[in-house]
Number of protein chains: 2
Amino acid sequence: MSEKQKVHLYIISDSVGGTASTIGRATMAQFPEVEFQLSAYPFVRDKNKLLKILKHAANDDAIVVHTLVTSELQEVAQAFCQEQNIFCLDPLHPIICEVEQRTSSEHLQKPGAQHQLDQKYFDRIEAIEFAVKYDDGLDPRGFLEADIVILGISRTSKTPLSMFLANQNYKVANLPIIPESHIPEQLWQVDPKKIVGLTNDVQLINEIRRERMIQYGMSPETPYSNIGRIEEELAFSNDLYEKLGCLVINVSKKSIEETAAIIVNTLNLK
Amino acid sequence: MSEKQKVHLYIISDSVGGTASTIGRATMAQFPEVEFQLSAYPFVRDKNKLLKILKHAANDDAIVVHTLVTSELQEVAQAFCQEQNIFCLDPLHPIICEVEQRTSSEHLQKPGAQHQLDQKYFDRIEAIEFAVKYDDGLDPRGFLEADIVILGISRTSKTPLSMFLANQNYKVANLPIIPESHIPEQLWQVDPKKIVGLTNDVQLINEIRRERMIQYGMSPETPYSNIGRIEEELAFSNDLYEKLGCLVINVSKKSIEETAAIIVNTLNLK
């Protein structure tokens with residue numbers, strides 16, 4: 001067949017560029033056949049710098065996604081892109097205009113306004129530190145303070161899931177489930193509505209654990225990666241989840257974003 | 001003055017809703033005077049469920065942001081919103097159309113395509129586990145394997161910054177800098193281009209540490225929160241950063257997102 005088609009994406013922001021990058025990545029994911037090149041330009045707050053980047057974009061025949069919030073830079077970008085026939089998307093513009101119209105408020109025109117260091121921000125920092133402190137059952141006292149307690153056998157992605165939820169301001173503690181190890185008594189004091197038990201498919205855990213052993217320079221055939229052993233661990237954990245009466249999620253075909261969204265929805269967290 | 005104006009935002013997605021939420025939050029941040037109510041509806045993949053949500057949106061006179069990627073649901077949403085006069089933003093639509101036109105590819109119409117469990121995804125999981133493992137100088141061997149080594153005295157947000165960068169696929173290790181403690185020899189073997197030294201303002205650290213002591217039920221006046229002590233720690237760390245020849249960032253007025261963006265840009269990481 002013909003060679004892969006190419007698209008150059010320019011992500012321009014007056015702050016860190018998270019919003020524009022998100023749009024860019026979601027678009028890229030819809031076109032696995034297209035070869036994208038992504039160039040990110042954060043902290044663009046000066047007209048000349050912006051024009052220089054836009055000239056490069058014109059040379060590259062790029063698609064521009066920008067989230068500039070000051071009227072001055074917005075107008076510069078719009079005028080230049082129109083003149084040079086650059087495809088330019090400003091995903092915030094229509095919704096900001098609509099809110100202005102409805103509320104007779106004017107928007108701040110303040111770059112990075114969502115990154116202000118307010119109480120909510122410091123709560124998030126604290127939630128992340130909490131999740132690290134109470135990762136991997138390090139201290140069972142964390143269960144009583146947590147918004148969410150995550151349980152699961154090895155390789156059910158407890159740690160990344162905890163960090164992802166912490167970044168959404170939830171205080172998360174997690175505990176690895178091992179048949180031989182003692183289940184901390186604090187767990188029985190936690191409201192089951194705050195507990196999530198993770199499971200996974202035997203075959204998938206087997207593959208991941210074998211892979212891990214190879215990475216460690218060991219033979220893939222260990223008790224850790226043994227199918228019978230994994231089945232035993234899963235049976236033990238499922239039994240525990242049933243006794244606790246908690247939400248159970250099979251993570252085998254889910255990303256941490258998907259699992260996190262299910263948790264936040266099902267536990268009916270704010 | 002008059003009471004706060006209210007706007008109801010509906011975030012509808014066929015997957016976790018990250019893209020639409022990002023747009024919603026960036027908009028809200030531009031209007032501190034407006035009282036927003038945000039309702040999120042992830043995993044909407046069925047026509048009837050969608051129509052039910054849109055009817056509620058009409059009742060609430062809401063602004064709808066959706067990122068539905070299947071043509072069927074897109075058309076349902078568009079037709080209903082037009083008929084009912086609901087303001088409806090689909091931020092992905094224009095850029096997806098543009099890519100389709102340029103490449104003669106069709107978009108996947110696959111909800112949550114960016115959450116596929118590919119190698120990059122598993123690398124990210126690994127990066128997060130790496131950051132937790134090598135948080136707080138727990139094991140100096142991590143420095144040699146890391147993409148980024150973060151240094152800083154207590155309360156310069158090393159841990160949340162590490163987790164944020166890990167979520168962008170970077171392998172990060174961090175080390176608390178304490179004048180009395182031994183600097184691991186591995187640090188001198190790391191390419192200084194991979195090292196970031198964090199500093200903060202004396203007054204701000206003093207406030208944060210006093211606050212922390214109060215939270216711990218202690219008097220705010222401790223050696224930990226003493227101005228002289230903090231100055232000593234900062235002088236020691238600045239001296240170390242100079243010897244290492246590393247990037248230095250003062251985090252006092254920056255969010256972790258901003259600090260992370262500076263690091264990724266300055267260290268010229270892919």
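Mentor: Let's start with one residue pair: I148(A) has V172(A) as its bridge partner in β6(A). Keep in mind that this is a predicted model, where local features need pLDDT of at least 70, side-chain atom pairs count only at pLDDT 80 or more, and totals for chains, interfaces and linings use all residues. Residues are numbered from 1 along each chain as its sequence is written, chains are lettered from A and ligands numbered from 1 in the order in which they are written, and side-chain values use heavy atoms, leaving out hydrogens and water.

Strands here are DSSP runs of E, at least two residues, while helices are runs of H or I, at least four, and both are numbered from the N terminus. Two strands count as paired if DSSP finds at least two bridges between them. In general, strands of a sheet pair through backbone hydrogen bonds, either parallel or antiparallel.

Now step back to the whole sheet. It is open, has 4 strands in the order β6-β5-β7-β8 (chain A), and its pairing is parallel. At the edges sit β6 (172–176) and β8 (247–250) of chain A, each pairing on one side only. From one strand to the next, the twist averages 25 degrees; for angles, axes are lines fitted to C-alpha atoms, for helices over the stretch in contact, and the angles run from 0 to 180 degrees between N-to-C directions.

What lies across the sheet? Helix α9 (residues 227–244) of chain A lies across β5, β7 (195–199) and β8 of chain A, and its angle to β7(A) is about 155 degrees. Contact here means heavy atoms within 4.5 Å.

For a comparison piece, hop over to chain B. There β1(B) and strand β2 (residues 35–41) of chain B also pair in the parallel sense, over 7 bridges, and V7(B) stands opposite F36(B) in β2(B). In strand β1 (residues 6–12) of chain B, 6 of the 7 residues are buried, so the strand is largely enclosed by the rest of the structure. Buried means under 20% relative accessible area, exposed over 50%, and partly exposed in between (1.4 Å probe, protein chains only).
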